[in-house]
Amino acid sequence: MSYDIERYLNVRSAYGASVGPEGDRLAFLMDTTGVPQIWTLDGPREWPEQRTFYDERITFASFSPERPELAFGMDEGGNERAQLYRLDTESGEIDEWTAMTDAKHRWGGWSHDGDRFAFTSNRRDESVFDVYVQGREEAGDDAELVCEGDGWLSLSGWSPDDSRLLVTQSYSNFDQDLSVLDVETGERTHLTPHEGDVRYQSACWAPDGEGIYLVTDHGDSDTLYLAYLECGARETGELQTVEGGGEWNVDGIALDDETGRLVYSRNVDGYTELTVGELAGDEPTAYETLPEPELPGGVSGGVSFGPDAERFVLSTAGDAVNTNVFVVDIESGEAERWTAAPTAGIPTETFDESELVHVESFDGLEIPGFLTLPDGGEAEGDDGNDGEIPVIVDIHGGPEGQRRPSFSSIKQYFVDRGYAYFEPNVRGSSGYGSEYASLDDVENRMDSVADIEACVGWLADRPDVDEERIVAMGGSYGGFMVLAALTEYPDLWAAGVDIVGIANFVTFLENTGDWRRALREAEYGSVEEDREFLESISPTNNIESIEAPLFVLHGANDPRVPVGEAERIVERAREQGVPVRKLIFEDEGHGFSKLENRIEAYSAIAEFLAEHV
C-alpha cells in the first residue's frame with residue numbers, strides 16, 4: 001500500500017531531551033502539532049503531556065538543575081532571532097526572559113544552583129555577540145552584560161563553582177578559540193593560541209574546574225580527537241590526548257562535571273559509535289569504559305545527563321527508524337525507549353534502508369554517499385528494473401554538512417513512489433577529515449560540483465537506472481549545488497529543485513545577516529578580495545546554459561540566504577525560456593518548519609517531478 005506525502009510528513013520526531021532535577025521527568029521536543037513544542041514524560045512510553053502551544057517552533061528546552069522549570073527558546077516566522085523563556089512545569093506559567101525581538105539570543109546554560117543563566121546576544125551590535133548573565137526571575141534589561149564580544153561568541157557552560165564561563169569564538173566552521181570568562185570581573189583569558197585553522201569544539205569543564213575536555217584537530221591532525229586542556233597551560237595551549245582521532249572524527253563529548261562520567265561519539269563513515277566511560281585516577285586522560293548501549297538505527301546524539309549521572313538521555317534514528325529518545329543506565333548500558341513518536345500509521349517495515357557506496361570522481365577521489373533503492377534493491381548490481389528507475393540526487397547544505405543514514409520522511413515517500421534516492425557527501429563535506437573538508441574552499445568550489453557530475457555518471461552506468469530521469473534537489477548551499485549542476489552540466493538533468501538556495505555569492509554575502517557574514521566569507525571567499533571569482537561561479541551569471549525545468553522554493557523571512565536569491569534565479573531562468581515554478585512562504589525562514597507549509601511545499605515538489613520526470 002502506498003501513502004500520500006501528507007501521511008509521510010506526519011511521521012513525528014522526538015529529540016532534544018533534558019532530565020528534570022529529581023530524575024523522574026523527561027522534557028523533550030516533538031512536532032506532533034506540526035511544529036516542535038515541549039512535551040514531558042514521567043515514565044517510558046507513558047502518555048506525554050504537551051507543555052507549550054505556540055504556532056512557532058521551539059528551538060531547545062533545558063531543565064533547571066534545582067527546580068521544576070524549563071528554559072526554552074523560540075523565534076518568529078523562521079527569522080532566527082530567538083527569544084528565551086522560562087516554563088514552570090508545575091503551574092504551567094511562562095515568563096518571557098529576553099523580550100528583545102530584534103536580537104538573537106543563544107542559550108549558554110543554567111548555573112549549577114539554578115539561580116542564574118547565561119547567554120550570548122547581538123542586541124548591542126547586530127554583527128557581534130556579547131555575553132550576558134541574568135537571574136531566573138529577571139527579564140529584559142535586567143540582564144548583566146559581562147563581556148563585550150568582537151565576533152561570533154557562544155557559551156559552553158559554567159565552571160563547577162559557577163564563577164566562570166567557557167567561551168567559544170568562531171572564525172569559521174573549522175577555526176575556533178576558547179577562553180575562560182570570569183563572571184564577576186569580566187576578564188577573559190585566552191586558552192588556545194594557534195596559527196592557521198584549528199577546531200576547538202564540544203568543550204566542557206573537568207570536575208575540578210582546572211581543565212577542559214574538548215575535541216580538536218590541533219597539531220596538524222586530519223581528524224578530530226578527544227583532548228584535555230589544563231587552564232593553566234594557556235600560554236602554550238598544550239593539549240593532552242585522551243583518545244586519538246585515527247581515521248574517523250571523535251565528533252563530540254558530553255561530561256558530567258560532578259561525577260566525571262562521560263559519553264563521546266565517533267563518526268565512522270556517517271554512522272555513530274558511542275563510548276561511555278568515567279574519569280579514573282589522578283591523570284586527566286585516564287578513564288574506564290562502561291557498557292555501550294545497543295540502540296536502533298545508525299545515528300545518535302544530543303546526550304544529556306540526569307542527576308548524579310546515573311542515567312543519560314539521547315536521541316537516535318536510522319534510515320528506517322524515526323527519531324526517538326532513549327534513556328540509558330550508565331552502569332549496565334541498558335537502553336530503554338521513552339518516547340513513542342508515531343509513524344502516522346505507516347508500518348515501519350515498509351521503510352527502506354540505504355546502502356553506503358563510494359564513487360570515484362574526476363581526479364580519483366572517492367566520494368561517499370548513501371543510495372536507497374525502491375523495493376529493497378541492492379546498490380551493487382542490477383535489481384531487475386531494467387533501466388526504469390528515476391533518481392533524486394539530494395545534495396546537503398553547509399557546505400560542511402554531511403548526509404548520514406538518518407530518517408527522512410521525504411526520502412521514504414519518494415522511494416515508495418519508485419524513485420531511487422542518492423545522497424552524496426562531495427568534497428567539502430564534514431566527517432571525513434580536515435583535508436577532505438577543505439578541498440572545495442574558495443577557488444576549488446566547482447570541484448565539488450564536478451563530484452556531482454561523477455556521481456550522476458556512476459548512477460547512469462547502473463543497469464536499473466533511467467539516465468534520462470535524474471533530478472537534482474538540495475537546500476541552502478545544496479540549493480547552490482543544484483543550480484550550479486544545472487548550469488554547468490545541463491545535459492545530465494531531467495529537473496532541478498532549489499530550496500532556499502544561493503544563486504549569486506556576491507549578493508548573498510552582501511545581504512546575509514551581519515552576524516554571519518565573516519563566517520561565510522571564511523568558507524566562500526570575500527566580496528572584497530574574491531568578487532570576480534564569486535561572480536564567475538554564480539548560477540545567475542551562467543543561466544544561459546540551463547535546460548532542465550526548475551522549481552525554486554524559499555522563505556520570505558530567511559536571514560541566512562535572503563529571498564532575493566530566489567527572485568533573481570527565477571527571473572533569469574524565465575528569461576531563458578526555462579519552465580520555472582516559484583513558491584515563497586511568508587511565514588518561514590531558512591527552511592520550512594510548519595507542517596502545513598511542508599505539506600504544501602513537498603506536495604508541489606511531487607507534482608512538479610510527476611510532470612517533468
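A residue is called buried when its relative accessible area is under 20%, exposed when that area is over 50%, and partly exposed in between, with a 1.4 Å probe and protein chains only. The structure shown above is a predicted model, in which local features need pLDDT of at least 70 and side-chain atom pairs count only at pLDDT 80 or more, while totals for chains, interfaces and linings use all residues. Residues are numbered from 1 along each chain as its sequence is written, and side-chain values use heavy atoms, with hydrogens and water left out.

R86 belongs to strand β7 (residues 83-88) and E69 to strand β6 (residues 69-74), so the pair ties together parts that are 17 residues apart in sequence. The term salt bridge stands here for a side-chain nitrogen of Lys or Arg within 4 Å of a carboxyl oxygen of Asp or Glu, and the names of strands and helices come from DSSP runs numbered from the N terminus, where a helix (H or I) has at least four residues and a strand (E) at least two. As a general point, side chains of opposite charge can pair when their charged atoms come close. R86 and E69 also take part in a network of salt bridges that links E69, R86, D95, R136 and E137, and a search of the whole structure finds 31 salt bridges.

Two further pairs can be compared with this one. E510 forms a salt bridge with R531, and the closest N and O atoms of this pair are 3.1 Å apart. Because E510 lies in helix α6 (residues 505-511) and R531 in helix α8 (residues 527-537), the pair ties together parts that are 21 residues apart in sequence. E510 has a relative accessible area of 40% and is therefore partly exposed, and R531, at 37% relative accessibility, also counts as partly exposed. In the other pair, D416 forms a salt bridge with R417, where the closest N and O atoms are 3.2 Å apart. D416 counts as partly exposed because its relative accessibility is 28%, and R417 counts as partly exposed at 35%.

On the surface, E22, D24, E66, D113, E258, D308, E310, D329, E334 and E336 form a patch of negative charge. Such patches are made of residues with over 30% relative accessible area and no salt bridge, and like charges are joined within 9 Å, whereas nonpolar side chains (Val, Leu, Ile, Met, Phe, Trp, Tyr) are joined within 5 Å. Another member, D308, sits in the loop between β25 (299-305) and β26 (311-318), and its phi is near 60°, a positive value in a residue other than glycine. A344, in the loop between β28 (335-337) and β29 (355-360), likewise has a phi near 60°, positive although the residue is not glycine.

Helix α10 (residues 595-612) has 18 residues, and from its first C-alpha to its last it reaches 26 Å, close to the 26 Å expected at 1.5 Å a residue; the expected span is 1.5 Å times one less than the number of residues. Within α10, the buried residues are L595, N597, I599, A601, Y602, S603, A604, I605, A606, F608 and L609.

Q402 is placed in the loop between β31 (389-395) and α2 (409-416), and Q402 and S265 are 137 residues apart in sequence and 16 Å apart in space, C-alpha to C-alpha. A227 lies in strand β19 (residues 225-230) and counts as buried at 0% relative accessibility, while the C-alpha atoms of A227 and L439, which are 212 residues apart along the chain, are separated by 26 Å. G564, in helix α9 (residues 564-575), and V465 are 99 residues apart along the chain, and their C-alpha atoms are separated by 36 Å.

Methods:
Accessible areas come from the Shrake-Rupley method with a 1.4 Å probe; for residues, only the protein chains shown count as cover. Lys and Arg count as positive and Asp and Glu as negative; His and the chain ends are not counted. The place of a charge is taken as NZ of Lys, CZ of Arg, CG of Asp or CD of Glu.
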